Structures are given as C-alpha cells and as structure tokens.
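Here is a short briefing for a reader new to this protein. Look over the sequence and the model, then read the points below.

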Amino acid sequence: MVYELKITLEDVGAPVSRKVHIKKDASFYELHELIQAVFDWTASHLYGFYVVKSNGKQTKHIEISGRQSEASVYDSKQIIHYDKKEKLSEWFKKPSDYINYVYDYGDNWEHLIEFIKEIEPNKTIDYPVCIAAENYAPPEDSRFDVMQGSLDLLMEDNHLFVSEVNEAIKNWTPVFDEEEPMFTGDVTSDTEHWLGEEQNLVSEEWEKTFEIAKEFSQRRPWEKLKEQDVFAVKDPESGRFIFCSVIGHSEDQIGITAYIGIEGFLALLEIMSGEEVTLDGLQQGHSLFVTFEDRNDIDGKDYELIKAHSTVFRGKKSWPIFTSIMPGYVPWTMNEEEARLTRLMMTESLNVVDELEKGLTFPLIPSDEKILLRRMDASETEPSNFTSQIVEVEELLNDDGEEEVMLSEFEIKRLNKLTKPLVSSIEFSMVPLAVPIQRHKEERPFFPFVAIAVDEETGEVYYQEMLEEHLDAYYGQKALLHALSDMGGIPETIYTDQRTARLILPLLDVQDFDIGIEHELEMTEELVEGLLHFMMDDLQDQ
C-alpha cells in the first residue's frame, strides 16, 4: 500500500508545501531523503522527526532521528527511535495523524507532515513521487533573509513545478551526507555524458563561480550600479582588459555583462549609443553574459550544470545562466576559462559597490573619455588585491593586444609582388553566415564565414570563398591575399568593417593599402542576402 502525505514548510512567509506518495513500509530515513529532495535541501545539517499525533492520539517525547543517541536536541525526556528502523506504518495509522520534521536546528526549518490517506499502489509508478507542489522552498542558511522578507518564493506555474520536483527526486543525492541515497534509478547517462564527456564542466572552477554568482545575486549590485557605470578590469593572468556593466537598474533582466579586449569594448560602445542590438553586432567581439532567471526559464543543460554542483539557487530571478558570445560561434555555455573571467568580473563589481559607498564616482563614457579601472597593484602578489584608478580610455586601447601578421614568408613575398595600382575601390569583408555548422555533437557550433571582395560602385564580385573553419587572423589575411591576387593589384581603397579590419590591419606593415572602416558595406550586404536565400532554399530542398 501507499501513503499520501502532505508536507508543509512552516513560517517562511509564503505557502510552501508538497503532496507525495510513498510506500507505507518505507523507513523514516527514506522519508527524510524524500523531504530533502522535494524541498531542494542538501542534507548538510542535522534533522529529526517529532511525533505529535499517532493513531488519532496526541503524543509527547517521541523523536525519530538519524542519531543513535539518548540525548535529544529539544527535550531530555524524549525517547529517541532510529529512523532507519522505524517504518511509516508504525506511526501513521489514521488520517490526520501528523509528525513534525525539523531540518537544520540553527535555521529551524519546521515541516508539518500530515497523513492524508492510504491508497492502492499503481504498478506503473516508481514510488516515491510528488503529486502536488506549491512554491519554492528558501535556500539553505537563509533564515535571516526569510525574516527580512527579501526572498521571493512564489512559483507562477505550480502544475509545471511538479514535474521539476519529480526530476529532483530522481536525481537527488546528498551533498554532505555520507549515507547512500535511496533513489538509485539511472540518472547519470545523459547528464554525465554531457557534463563529463562533452563539456567537462563539472569542476572546482565552476564550483567557485557558482558560489560568487550566488553572493552577487544576494547582494543585488544593480541597485547601486547603473548600466552606464562601465568599468574595466585587467585580468592578471592574460593581461587583457575586461569591460564590465551591471544590468538590472532600469531593466527587467538582471546580471552582468563583460566585453573582452578592444573588439568587445567597441561592441559595448555601439550598444551604449542606443542602436539596436543584434547577434551580428555582439559578435564583433568576445563577450560574456551572466543573467539571473526564473527556474522555468532555463533550459535542461543549464539546470543540470547547476545541480551538478553544491550551490543551491531558489526563487524568482535567482538561477544563473552563463552565456559566451564569440565571433564566428553560436552563443554557448561558457568554458572554464570564461567561468574564471566571469568570477573575476562579479567579484570586482561587488568591490566597486563597496567603494561607491565610500565616495567613489564614475566617469562617463564616452563623453569624459575616461574609465574606472580595477587592476592589481604592481607591488601586490595576491590576486585578490585590486585597486581602482581613473584612466584614459585611449591608454587601455593602446595597451590591449593587437593581431599580428600571420602569413608565411612565402605568402608575404606574394603580397609584396602585388604593386599594380587599380583605379577601382572594393569592399572586402569576412561575413558570418547564419547557418551554424556542428561537426561533432560535443563541439560548439560555429558560423561559416564567406570572404567577399566586390566592386564598391558596381557590385562586381572579384573574389568569394566559403571558410568552413573558425575565423582567425591567418584566414582573414590569407583571404585578402587571394582576393588581391585574383584582381592582379592593389585597389584604390579597401573598405571594410571593424571586425575584418582588426584581422587585416597588420598587413599594412608589409604592403601599402588605403583602408577605410565603414559601419555598413552596401554591396556586400546585398550579396550576402542573396547567398543566404540560396543556401536556405538548398537546405529546404534537401
């Protein structure tokens, strides 16, 4: 037979409960593990069951605990029974019998367990299961936040929430408890394959990143920092500058964004100008996004990544999503190095908030042409010791690394032989096509690039080549060499975009070009639009 129990978490500022079905001959230890799973606890504190009413009669001084001891936490007169030996059917005998379950005697999370009824088991169901769920439980160690009323535990779709809770039952394992979990179904195949073999994201690096993400969320720096309060952090490991902006002060979305290096900073300036943000615009540079969402707004892989680590997230706008945007790649979950940079930027944003409270002021970008910079003091050896300075933006841009000439000596000689001046000007660009390629399931999909050289006035195509590799400086420089070789000389002006310019500008050291950087390349855009239509029609025919 199966028991239906209603478990209510009391005194948390919102109605939080679960209805469960569990076999009547289950032990109280198994019930303890079920409660841990359905309320998303981590088994990191002591617990105990306290019998209040059994067989229709009030009782006192009866504790069922995992501690095989005569001393009770609550009452020295209590008789303690061992939870692994006590069966539910021995204490839940009549409907309306109830028992209190207390978890974490510091925060004192009290759960009222009420016996509703006894039902026939369904042979198609693997018990225990949750049949109803209402609202989130608070996070571990958050009693003070509950008392302050700062937690939002309301769940908009409790019906959908039930499936999430049952998934938690299936996957639950204690974080600190040394006992074997009772839920031993096959819960590892898909998750372990993705987390272990494909992404290899389960790591100490991610553990630390989730910890600082939780602190970041709880401290709510967007209440102090506006989106235009951009600051830079110099990464002590790579030496690159990361340009950071906390979001949420005037927007619904909350979190932090980071733009890496010169390309990232230029993409950030474009966003700050008020122009419409597009994926292609963001892909001008390497950027990282941490946003905090509702549980039902994150996908399965993000959820599994969170649950694979020990930090617990609960409530509205509290679940972190870590997104990487790189030129030529599909937006993707960050890798470990990006997680490290993310942790650095979240840590320093909190340090900036601390300094704001001491009188720090922000220069305005771009009007002041200055920026707040956080970097390690040259005399310090500890990576945590960063100081704030107001510096010229130009100083950072000049100090950031630039691309180099990547062509071989033979290819440079070919380029130097192209001395014939041409009367026409061209548009030359490395353009990503919005048709991602993924060669292997575990690899991040990338956008193929097409190298295009067209007459700036007539639109005549001089050169066109598809690059089914990730774009880098070598391929950009090599494509320009091929285009100029096909044309037989040097155009009057080579018009290009910011992304392509960064790749080919180093060639000015070996050949004399006139390069113009444009925001829009009209002839190129028309050609790419036609090419995309052709590719999409071809895919549909297949």
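Helices (H or I, at least four residues) and strands (E, at least two) are DSSP runs, numbered from the N terminus. By that rule the protein has 14 helices and 22 strands. This is a predicted model: local features need pLDDT of at least 70, side-chain atom pairs count only at pLDDT 80 or more, and totals for chains, interfaces and linings use all residues. Residues are numbered from 1 along each chain as its sequence is written, and side-chain values use heavy atoms, with hydrogens and water left out.

**Overall picture**

- Of the 542 residues in the protein, 49% are buried. Buried means under 20% relative accessible area, exposed means over 50%, and partly exposed lies in between (1.4 Å probe, protein chains only).
- The accessible surface comes to about 26400 Å². Carbon and sulfur atoms account for 47% of this surface. Areas come from the Shrake-Rupley method with a 1.4 Å probe; for residues, only the protein chains shown count as cover.
- A contact means heavy atoms within 4.5 Å. Among contacts with a separation of 6 or more, 66% join residues 24 or more positions apart.

**Nonpolar cores**

- A nonpolar core is a set of buried Ala, Val, Leu, Ile, Met, Phe, Trp, Tyr and Cys residues joined through side-chain atoms within 4.5 Å.
- The largest core has 86 residues. Leu-5, Phe-28, Leu-31, Phe-39, Phe-49, Phe-92 and Ile-113 touch the most other members.
- Helix H9 (residues 336-356) gives the most to this core, with 8 residues.

**Salt bridges**

- A salt bridge is a side-chain nitrogen of Lys or Arg within 4 Å of a carboxyl oxygen of Asp or Glu. The count comes to 13 salt bridges.
- Glu-205 and Arg-343 form one of them, at 2.5 Å from N to O. This pair links distant parts of the chain: Glu-205 is in helix H5 (residues 204-219) and Arg-343 in helix H9, 138 residues apart.
- Glu-205 is partly exposed, at 23% relative accessibility. Arg-343 is buried, at 16%.
- Arg-340 and Glu-237 meet at 3.5 Å, N to O. Arg-340 lies in helix H9 and Glu-237 in the loop between strand S10 (231-234) and strand S11 (241-247), so the bridge ties together parts 103 residues apart in sequence.
- Glu-237 is exposed, at 60%.
- Lys-317 pairs with Glu-293, with the closest N and O atoms 3.8 Å apart. Lys-317 is in the loop between helix H8 (300-307) and strand S14 (319-325), and Glu-293 is in strand S13 (residues 286-293), so the pair ties together parts 24 residues apart in sequence.
- Shared partners join Asp-235, Glu-237, Glu-337 and Arg-340 into one network of salt bridges.

**Surface patch**

- Leu-505, Leu-508 and Ile-517 form a nonpolar surface patch, with about 230 Å² of accessible area together.
- Patches are made of residues with over 30% relative accessible area and no salt bridge: like charges are joined within 9 Å, nonpolar side chains (Val, Leu, Ile, Met, Phe, Trp, Tyr) within 5 Å.
- Leu-505 sits in the loop between helix H13 (498-504) and strand S22 (515-517). At 35% relative accessibility, Leu-505 counts as partly exposed.
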